[in-house]
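Q: I would like to learn how to read the main features of a model like this one. Please take them in turn, with the general idea and then the case at hand.

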Amino acid sequence: MTETATRDALGTTATVVTEGAALAAATAILRRELDRIDRACSRFRYDSELAHANTRAGEPVHVTALFAEALRVALDAAETTGGLVSPTMGAALRAAGYDRTFERVRTRGGWTFAPAPVEVGAWRWVRLDEERRLVTVPVGVE
């Protein structure tokens with residue numbers, strides 16, 4: 001018998017589909033993996049690796065293998081798209097009003113928009129030493 005569980009996850013929806021009695025175990029694995037990704041990559045958590053790297057801009061920061069892999073994928077996407085997809089849009093997203101979690105955005109009364117200058121190609125200045133798992137975010141870049 002097919003079993004399904006759906007939950008909100010990272011601004012979208014995650015669905016687990018299993019055969020037999022594996023739904024509880026599969027859902028637990030999903031919950032653990034999403035928690036790991038959130039702790040590593042969330043820009044809404046002050047204690048995430050991403051927040052730590054941003055606050056230490058200009059300095060090499062040791063990161064987990066998970067964060068290094070996520071950043072590698074993001075930098076590869078930037079390279080492949082000529083910067084149309086970029087992991088260095090943090091300040092611009094905040095200025096556009098995307099400055100809090102989805103739950104808080106849904107409950108706020110209005111929007112403000114303050115355009116922020118975007119340094120085109122800033123992703124090229126992010127340094128990722130995958131072997132030593134060190135990330136250096138340039139000063140002024142998020």
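Q: In what order do the elements of the chain run from the N terminus on?
A: Helices (H or I, at least four residues) and strands (E, at least two) are DSSP runs, numbered from the N terminus. Here the order is β-β-α-α-β-α-α-α-β-β, which comes to 5 helices and 5 strands. The model is predicted, so local features need pLDDT of at least 70 and side-chain atom pairs count only at pLDDT 80 or more, while totals for chains, interfaces and linings use all residues. Residues are numbered from 1 along each chain as its sequence is written, and side-chain values use heavy atoms, with hydrogens and water left out.

Q: How do strands β1 and β2 pair?
A: Two strands pair if DSSP finds at least two bridges between them. Strand β1 (residues 2–9) and strand β2 (residues 12–19) are joined by 8 bridges in the antiparallel sense. T2 stands opposite E19 in β2, and T4 stands opposite V17 in β2. The hairpin of β1 and β2 has 2 residues between the strands, and L10 takes a positive phi near 55° there.

Q: Which strands form the open sheet, and in what order?
A: In a regular strand the side chains alternate between the two faces of the sheet. The open sheet here has 3 strands in the order β3-β5-β4, with antiparallel pairing. Its edge strands, β3 (61–62) and β4 (127–129), each pair on one side only. Between β3 and strand β5 (residues 134–136) there are 2 bridges, and V61 stands opposite V135 in β5.

Q: Where does helix α3 lie?
A: Axes are lines fitted to C-alpha atoms, for helices over the stretch in contact, and angles run from 0 to 180 degrees between N-to-C directions. Helix α3 (residues 65–80) lies across β4 and β5, and runs at about 130° to β4. The expected span of a helix is 1.5 Å times one less than its number of residues. With 16 residues, α3 reaches 22 Å from its first C-alpha to its last, close to the 22 Å expected. Just after α3, G82 has a positive phi of about 65°.

Q: Which residues of α3 are buried, and what covers them?
A: Buried means under 20% relative accessible area, exposed over 50%, and partly exposed in between (1.4 Å probe, protein chains only). In α3 the buried residues are L66, F67, A68, L71, L75 and A78. Contact means heavy atoms within 4.5 Å. The cover over these buried residues includes α1 (23–41), α2 (49–55), β4 and β5. Across the chain, 30% of the 142 residues count as buried.

Q: At what angle do α1 and α3 pack?
A: Two packed helices are described by the angle between their axes and the distance between the axes. For α1 and α3 the angle is about 75° and the axes are 9 Å apart. The two helices are therefore roughly perpendicular to each other; angles under 35 degrees count as roughly parallel, over 145 as roughly antiparallel, 65 to 115 as roughly perpendicular and the rest as oblique. R36, I37, A40 and C41 in α1 meet L66, F67 and A70 in α3.

Q: Which residues of the largest nonpolar core touch the most other members?
A: A nonpolar core is a set of buried Ala, Val, Leu, Ile, Met, Phe, Trp, Tyr and Cys residues joined through side-chain atoms within 4.5 Å. Of the 17 residues in the largest one, V63, F67, L71, L75, L128, V135 and V137 touch the most other members. Helix α3 gives the largest share of this core, 6 residues. A second, separate core of 7 residues includes A14, V16, L23 and L34.

Q: What is the phi of R133, and where is R133 placed?
A: Most residues other than glycine have a negative phi, and most peptide bonds are trans. The phi of R133 is near 55°, a positive value in a residue other than glycine. R133 sits in the loop between β4 and β5. With a relative accessible area of 30%, R133 is partly exposed.

Q: Is A122 buried or exposed?
A: A122 counts as buried, because its relative accessibility is 2%. Its place is in the loop between α5 (102–107) and β4. Leaving out residues up to four places away in sequence, A122 touches T88 and V141.
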